[in-house]
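Try each task before you read its solution.

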Amino acid sequence: MIDKDSFERIQGTVNGNDVTLFMKGSPQFPQCGFSAAVIQILDYLQVKYHSVDVLQDDGIRQGIKEFSNWPTIPQLYVKGEFVGGCDIIREMAQSGELAEMLDEKKIEYAAP
Amino acid sequence: MQINRKIESKLQAALAPQSLEVIDESHLHAGHVGARPEGETHFRVHVVSAAFAGRSRVERQRMVYAALAEELAGPVHALSIRAQTPDEA
């Protein structure tokens, strides 16, 4: 079960940042290919994001899975809302839906 | 039972897919975190099922994750999912 402290920290993070990525490792040194793939997409679109390395914090690592009812990492949140993991972000990037969603949510990015 | 057979049978039971592919990609991740020497840790599934109709991407993946909760909590380290309806495939 997710503890109250982890839940509140996750809630605070996703509400306090327009775009949050929960990932393994850092944007400079991703520790997982799926996290690296999402970073690549966000960088390509030049989206500003806040990243959280779940490997540094076991409460967050386990808690984030219950918070979103999603068993895998990475996880992307935009304006407090869970968007998806690597497969979904990749599909949305390819179809153009990701850019549409960023437009809708008024997130700045550079159209490629 | 081999893990890929388990994944197949659970997805068959949960989603009655029109087509189902389960691909073991563990060899691509040999030596990475989460990889075991015996393999069967990284999978990719392509599920085509009418059960996905009217569901968002997130909802579809949750349906697949729910069917495979036991595997994901245990031996399966990574699962890449493509979930389509028969119309989209």
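**Exercise 1: A residue in chain B**

Arg5(B) sits in helix 1 of chain B, which covers residues 3-15. Keep in mind that this is a predicted model.

Task: Work out whether Arg5(B) counts as buried, partly exposed or exposed.

Solution: Start with the relative accessibility of Arg5(B), which is 43%. Next, recall the cut-offs: buried is under 20% and exposed is over 50%, with partly exposed in between. So Arg5(B), at 43%, counts as partly exposed.

**Exercise 2: The sheet in chain A**

Task: Find the strand order of the open sheet in chain A, then say which strands stand at the edges.

Solution: First, the four strands come in the order 2-1-3-4, with mixed pairing. Now look at the edges: strand 2 (50-53) and strand 4 (81-84) of chain A each have a single partner strand, so one side of each has no neighbour in the sheet. On average, neighbouring strands here are turned by 25 degrees against each other, direction ignored. Finally, zoom in on strands 1 and 3 of chain A, which pair in the antiparallel sense over four bridges.

**Exercise 3: Where the chains meet**

Task: How many salt bridges are there between chain A and chain B, and which element of chain A gives the most to the side that touches chain B?

Solution: Count the salt bridges between the two chains and you get two. Take Glu97(A) and Arg57(B): they form a salt bridge, and their closest N and O atoms are 2.3 Å apart. As for the element, helix 4 of chain A gives the most, with five residues.

Key:
Residues numbered from 1 in each chain as written. Chains lettered and ligands numbered in written order. Predicted model: local features only at pLDDT ≥ 70, side-chain atom pairs only at ≥ 80, totals over all residues. Heavy atoms only, no water. Helix = DSSP H or I, 4+ residues; strand = E, 2+ residues; numbered from the N terminus. Buried < 20%, exposed > 50% of the residue type's maximum accessible area, 1.4 Å probe, protein only. Pairing = 2+ DSSP bridges. Axes fitted to C-alpha atoms, helices over the stretch in contact; angles between N-to-C directions. Salt bridge = Lys/Arg side-chain N within 4 Å of Asp/Glu carboxyl O.
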